[in-house]
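Dear colleague,

Please find below the structure that I am handing over to you. I would be grateful if you kept it open while reading the notes that follow.

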Amino acid sequence: MLSFKNRNLIVARLFLLSAIAAEVAGTTLMANASRGDSFQGYLLMAVALAASYYLLSQAIGQISIGIAYAVWEGIGLASLSLVSVLVFKEDLSGTELLGLALVMMGIVCVALGEES
């Protein structure tokens, strides 16, 4: 059985993952809106980014703000890079791929450090 503390940490991590998803959606909508100059696109972008910050604020109740923000930014950056390649057909150089790999390794180290 999960303790109350562990249950709260799981919920906080779900909030953090949801915040990341909302941030990626909002930033993707920003790229789409800027290409089509759509008011509706900008409105959806603003809603998604506001939701991301709200969800992040809920996560930091159980996860330290430094850790939550680092994970939010790092995974968001890697996810947006993937979206840029898959959706917008952009290319990443070897140096950019190396940088993303280092970011992901850093996130793993930060997350592991939080648990010890």
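The helices named in this message are DSSP runs of at least four residues, numbered from the N terminus. Please bear in mind that this is a predicted model.

I begin with the protein as a whole. It has 116 residues, of which 26% count as buried. Its secondary structure consists of four helices and zero strands, and the pattern along the sequence reads α-α-α-α. The C-alpha trace spans about 50 × 35 × 25 Å along its principal axes. The protein exposes about 7400 Å², and 70% of this area is supplied by carbon and sulfur atoms. Of the contacts between residues at least 6 apart in sequence, 69% join residues at least 24 apart.

The confidence of the prediction comes next. The mean pLDDT of the protein is 89, with 95% of its residues at 70 or more. Which elements have the lowest and the highest mean pLDDT? The lowest, 87, belongs to helix H4 (residues 94-115), and the highest, 93, to H2.

Helix H2 covers residues 39-59, and Ser-52 is found in it. Ser-52 is classed as buried because its relative accessible area is 0%, and the limit for that class is under 20%. Beyond its neighbours up to four places away in sequence, Ser-52 touches Ala-19, Ala-22, Glu-23 and Trp-72. Trp-72 is itself one of the buried residues of H3.

The loop between H2 and H3 contains Ile-60. Ile-60 counts as partly exposed because its relative accessible area is 34%. Apart from residues within four places in sequence, Ile-60 is in contact with Ile-65 and Ala-68. The C-alpha atoms of Ile-60 and Ala-46 are separated by 21 Å, although these two residues are 14 apart along the chain.

Helix H3 runs over residues 65-86. How far does H3 reach from its first C-alpha to its last? The span of this helix of 22 residues is 31 Å, close to the 32 Å expected at 1.5 Å a residue. The buried residues of H3 are Ile-67, Ala-68, Val-71, Trp-72, Gly-74, Gly-76, Ser-81, Val-83 and Ser-84.

- Tyr-69 is in H3 and is partly exposed, because its relative accessible area is 43%. The C-alpha atoms of Tyr-69 and Ala-25, 44 residues apart along the chain, are separated by 17 Å.
- Ser-81 is also in H3. Is Ser-81 buried or exposed? Ser-81 is buried, because its relative accessible area is 12% and the class requires a value under 20%. Leaving out residues up to four places away in sequence, Ser-81 touches Leu-92 and Leu-100.
- Val-85 lies in H3 and is partly exposed, because its relative accessibility is 31%.

Val-85 also belongs to a nonpolar patch on the surface, which it forms with Leu-82, Leu-86 and Val-87. Together, these four residues have about 350 Å² of accessible area.

The loop between H3 and H4 holds Lys-89. What is the phi of Lys-89? Lys-89 has a positive phi of about 55 degrees, although it is not a glycine. Lys-89 counts as exposed because its relative accessibility is 64%, above the limit of 50%.

Finally, Glu-114 has its place in helix H4. Glu-114 counts as partly exposed because its relative accessibility is 31%. Which residues does Glu-114 contact, leaving aside its neighbours within four places in sequence? They are Arg-13, Ile-63, Ser-64 and Ile-67; of these, Ile-67 is among the buried residues of H3. By contrast, Glu-114 and Ala-51 are 63 residues apart along the chain, and their C-alpha atoms are separated by 25 Å.

With kind regards

Note on methods. Residues are numbered from 1 along each chain as its sequence is written. This is a predicted model: local features need pLDDT of at least 70, side-chain atom pairs count only at pLDDT 80 or more; totals for chains, interfaces and linings use all residues. Side-chain values use heavy atoms; hydrogens and water are left out. Patches are made of residues with over 30% relative accessible area and no salt bridge: like charges are joined within 9 Å, nonpolar side chains (Val, Leu, Ile, Met, Phe, Trp, Tyr) within 5 Å. Accessible areas come from the Shrake-Rupley method with a 1.4 Å probe; for residues, only the protein chains shown count as cover. A salt bridge is a side-chain nitrogen of Lys or Arg within 4 Å of a carboxyl oxygen of Asp or Glu. Helices (H or I, at least four residues) and strands (E, at least two) are DSSP runs, numbered from the N terminus. Buried means under 20% relative accessible area, exposed over 50%, partly exposed in between (1.4 Å probe, protein chains only). Contact means heavy atoms within 4.5 Å. The expected span of a helix is 1.5 Å times one less than its number of residues. pLDDT is the predictor's confidence in each residue, from 0 to 100.
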